[in-house]
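Please open the model in your viewer and display it as a cartoon.

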Amino acid sequence: MAITLLLSFTACNAQIKNAKTESVKIYGNCGMCETTIEKAGNIKKVAQVDWNKDTKMATLTYDPSKTSQVEILKRIALAGYDSDQFLAPDDVYAKLPECCQYDRVKKSEMVKVETIDDHSKYNHEGATNKSNETKQVVNQLKSVFENYFALKDALVKSDGNLASAKAKELLNALNAVQMNKLSNEEHIVWMKVMKDLVFDTEHIEETKDVGHQRDHFNTLSDNMYQLLKASKQETPTYYQHCPMANNGKGANWLSKENAIKNPYYGSQMLSCGITVEKIE
Amino acid sequence: MVNQKNIYKKLLPIVFLLLATQVVFAQKVVRYDLYIKDTIVNFTGKNKRAIAVNGQIPMPTLTFTEGDTAEIHVHNRLKESTSLHWHGLYLPNKEDGVPYLTQMPIKPNTTHIYRFPIIQNGTHWYHSHSGLQEQIGMYGSMILLKRADDPTFRKGIDDLPTVPIILSEWTDYNPDNIHRMLHNANDWFAIKKNTVQSYGEAIKAGHFKTKLTNEWKRMLAMDVSDVYYDKFLINGTSESQLSQFKAGDKVRLRISNGGASSYFWLTYAGGKMTVVANDGNDVEPVVVDRLIIGVSETYDVIVTIPAENTSYELLVTPEDRTKSASIYIGSGIKQLASPLPKLKYFEGMKMMNDMMKMNGDMKDMGMNMSLQQMDMNTVMYPEITGENKPKSSQHSDHSNHTMPSNDIVTLNYAMLKSPTKTTLSENAPVRELRFELTGNMNRYVWSMDNRVLAETDKILIKKGEIVRITLYNNSMMRHPMHLHGHDFRVINGQGDYAPLKNVLDIMPMETNVIEFEANLEGDWFFHCHILYHMMAGMNRVFSTENQAPNPYLPNKKWAYRKLQRESNELHFMFQNDFATNGNDGMTMLQNTRWSFGTEWRLGYNDRHGYETETHIGRYIGRNQWLMPFIGFDWRYRKHETPEKNLFGQTNTKDNRTQFSLGVAYTLPMLIILQTEVYQDGNVRVQLRREDIPLSKRFRASFMVNTDKEYMFGLNYIASKNLGFRTHYDSDMGFGIGLTFNY
């Protein structure tokens with residue numbers, strides 16, 4: 001047994017010409033990690049990786065004329081495992097089996113940096129100086145809009161269950177609105193659309209069929225648009241249009257971001273649509 | 001002394017005045033000297049020829065400030081002529097750098113001086129416009145800086161540190177050979193890329209019907225790009241690092257795509273990217289997860305470095321996702337970006353089948369596609385539409401692994417908005433033009449309205465008029481259409497703030513509208529910037545009426561014919577099977593419409609016989625399924641009795657010399673039906689199909705005709721020029737042999 005092992009070992013090594021051997025640290029947990037790490041690193045006749053799950057140390061044997069330590073470690077990182085040179089992509093790490101989700105010691109704390117957001121920041125700095133009174137009124141409808149956006153996001157994900165749950169929350173928010181606290185303009189629109197808003201929301205809540213939900217979301221969005229137009233908002237909202245939805249008749253929706261994420265199609269035609277209006 | 005002081009006092013204001021005028025009318029001339037030389041590079045372990053400028057690939061980055069005068073001395077030390085085109089720049093026509101259109105080629109061992117005022121700012125680039133020189137090194141960044149007192153100067157954007165980035169690709173094959181192979185429908189690149197999409201692979205993937213429908217509709221296997229590349233490069237290298245930046249820094253990357261035929265995906269490991277300019281023109285900042293940069297486009301992108309002691313990968317992946325290139329931004333441990341998963345080719349084929357009518361037209365199913373908003377290729381992207389099949393292997397309890405993500409924000413043209421109004425003069429007359437982009441993948445013909453440059457005159461336009469162009473892509477590939485010397489408005493729903501561009505990527509089945517004011521005199525090239533499409537003739541010239549003569553191009557008429565001829569070259573092809581029962585082979589010379597070909601079957605003895613057939617034909621129609629031809633046959637074969645064909649006509653094949661008239665037609669399944677009438681009245685009808693892709697490297701072929709001749713063959717493709725073939729021929733019997741093709 002020992003001889004066969006020895007033989008196979010030398011056979012393995014013999015395949016790699018001008019072999020260079022190095023020892024490096026690779027982060028990981030278990031035996032399954034070992035399989036993945038070694039499989040990712042190995043290339044026949046070029047590189048051989050032997051990782052020890054207890055010491056977290058790997059022995060790299062490779063032909064320096066054909067590859068390098070960097071290349072081997074990059075392949076291993078792309079399989080989900082950090083080293084002192086590379087950090088694995090976050091989504092690849094997240095997809096590792098639970099037992100393999102090792103502690104990422106190398107991943108340093110993110111510094112909070114403000115990103116350059118939409119152009120709104122540059123153009124409309126004055127928009128924040130709204131009086132307190134209007135803010136109060138906004139709060140009346142705020143939860144309605146927030147829940148509408150959550151419902152839209154569920155439809156973007158084509159998730160009927162989630163959409164139904166979000167519709168229920170929207171329904172609660174709609175019922176909680178105290179009419180007498182609405183501004184004059186809001187009140188007028190509210191009276192007009194309230195019934196339809198409740199009607200469509202109820203229907204979205206009742207079913208888990210995304211197609212049916214989207215039919216109602218179409219009219220819901222139209223009414224929500226009217227309401228939002230009459231209401232003062234702290235942040236801009238984008239009114240967006242997809243010409244293909246609703247059997248080619250086109251349909252609209254509201255979004256907090258300028259980038260298109262189509263709630264009528266989800267993933268396949270996610271970016272189909274244009275912003276037709278920016279509501280501030 | 002007193003006197004002198006007085007003089008100084010008097011002089012001082014004058015000096016100030018002089019200084020001030022210097023600043024205001026800063027006619028600063030910025031000179032660059034470019035030495036163009038042949039060089040040997042080694043990207044893959046093999047030494048190959050390339051072209052270096054001032055000893056480097058890419059060419060040096062040229063930087064100017066708006067208001068400067070550029071003076072660029074081009075010293076051609078090559079053994080061939082050259083030229084340089086300043087991509088995206090407004091300049092006098094004679095400085096535009098298109099040989100035989102705006103100047104004569106720069107001859108070997110001569111110097112040419114380009115001199116023009118810089119009247120714009122932004123990220124641009126420059127490249128050779130001669131032949132395929134751009135593929136082997138002649139591309140470089142050209143950065144035109146905004147003046148600090150520019151009213152459009154954007155704080156927080158224009159004052160950030162910038163890095164010029166030029167993307168490109170490298171192939172060990174000679175680009176002229178690539179060009180020839182593309183025209184000969186050689187599928188060696190597909191083998192290298194593992195994208196043959198053969199019947200065997202189709203069956204394995206459960207897509208046999210898809211493949212069958214595809215061939216029924218007379219399509220060859222499609223890819224998102226045509227050429228196999230060995231390396232992809234960022235500023236001339238596959239991996240590099242910008243370690244001068246630290247946590248919290250914002251960096252503006254001025255990215256140009258100097259690739260000859262590759263679109264590139266850009267993704268960043270440090271989070272979202274902010275797009276602030278496109279094709280050298282400012283756009284309102286847009287935050288995206290990824291974007292695709294078309295051939296010859298430029299994008300300015302701002303990225304941030306989120307954490308200490310970490311560098312973040314900007315991953316540049318060609319559209320076919322065969323390989324990638326990386327640049328790490330920041331210093332310290334490298335945070336990788338997630339690689340883009342392999343394309344699902346059969347999903348793409350299935351989609352293509354649905355979009356293709358039997359007559360070879362595309363149908364968009366009433367979707368009004370435009371502005372990159374609906375990428376039909378999305379069906380091939382596993383990261384968006386999910387993996388092919390759930391991985392049932394090791395960890396079945398984690399079957400959600402490959403859950404697609406639809407939160408990815410991809411940039412498209414509808415999201416681009418100019419920060420300033422871009423409207424054109426209201427009173428100018430409008431000239432409406434419409435072009436249909438057309439193509440034929442099987443013969444690699446790329447055209448507009450089914451005409452290549454060699455088949456069209458210059459398009460005359462009047463100075464001052466607004467030219468509004470509707471482009472419809474009726475071909476199966478995307479095309480980056482580039483207009484020289486102007487920016488055009490892309491009508492994208494942003495009204496008065498339509499973005500300005502000089503390259504428009506147009507995907508299959510899309511319709512887009514662009515418009516520009518013809519305010520510059522001259523001959524302006526308008527073409528597909530995929531180098532091999534341009535060289536196939538996908539070009540037009542806009543020419544303003546009543547131009548002053550161009551000092552660099554005395555004989556314009558002659559030069560235009562020269563330009564036309566360059567993009568309609570004859571391509572040579574040769575193939576011979578050295579087999580145990582004889583030699584089978586063919587040679588062909590073909591251009592856009594004409595085909596001159598000879599086939600031969602030479603036995604080793606008189607009973608097997610010797611025969612050759614020569615055909616001169618012309619391809620008809622956009623799809624080129626029909627080819628009438630005249631032929632010449634010569635055969636010699638010892639036979640005891642004359643043979644009868646299916647129509648009862650007799651013919652001895654002993655020393656037969658005949659002229660013929662015939663027509664070849666490509667049937668569904670890509671079978672060629674060839675009908676010929678010979679001078680003695682004999683008729684021959686033949687069915688034939690070469691290169692049926694059985695597996696990645698196995699190709700089957702058959703032929704059967706009314707002279708009761710038939711042939712079956714099987715070919716194994718061993719390398720670019722070599723194959724093993726076994727076949728059975730009714731005249732010559734069974735044979736095995738070695739196939740050489742060029």
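This is a predicted model. Begin in chain B by selecting residues 466–473, strand β24, together with residues 511–517, strand β29. These two strands of chain B run antiparallel to one another and are joined over seven bridges. For one of the pairings, select B:Tyr472; its bridge partner in β29(B) is B:Thr511.

In chain B, six strands form an open sheet of mixed pairing, in the order β22-β21-β24-β29-β26-β27. Which strands of chain B stand at the edges? They are β22 (445–448) and β27 (500–501) of chain B; each has a single partner strand, so one side of each lacks a neighbour in the sheet.

Now move to chain A and select residues 31–41, helix α2, and residues 69–78, helix α3. The axes of these two helices of chain A lie 8 Å apart, and the helices pack at an angle of about 135 degrees. That angle makes α2(A) oblique to α3(A). Show side chains here: α2(A) contributes A:Ile37, A:Ala40 and A:Gly41 to the contact, while α3(A) contributes A:Ile72, A:Arg75 and A:Ile76. The crossing of α2(A) and α3(A) is right-handed.

Finally, select residues 210–230 of chain A, helix α9. This helix of chain A has 21 residues and spans 29 Å from its first C-alpha to its last, close to the expected 30 Å.

Terms used: Residues are numbered from 1 along each chain as its sequence is written. Chains are lettered from A and ligands numbered from 1 in the order in which they are written. This is a predicted model: local features need pLDDT of at least 70, side-chain atom pairs count only at pLDDT 80 or more; totals for chains, interfaces and linings use all residues. Side-chain values use heavy atoms; hydrogens and water are left out. Two strands pair if DSSP finds at least two bridges between them. Helices (H or I, at least four residues) and strands (E, at least two) are DSSP runs, numbered from the N terminus. The expected span of a helix is 1.5 Å times one less than its number of residues. Axes are lines fitted to C-alpha atoms, for helices over the stretch in contact, and angles run from 0 to 180 degrees between N-to-C directions. Angles under 35 degrees count as roughly parallel, over 145 as roughly antiparallel, 65 to 115 as roughly perpendicular and the rest as oblique. A crossing is left-handed if the near helix is turned anticlockwise from the far one by less than a right angle, and right-handed if clockwise. Contact means heavy atoms within 4.5 Å.
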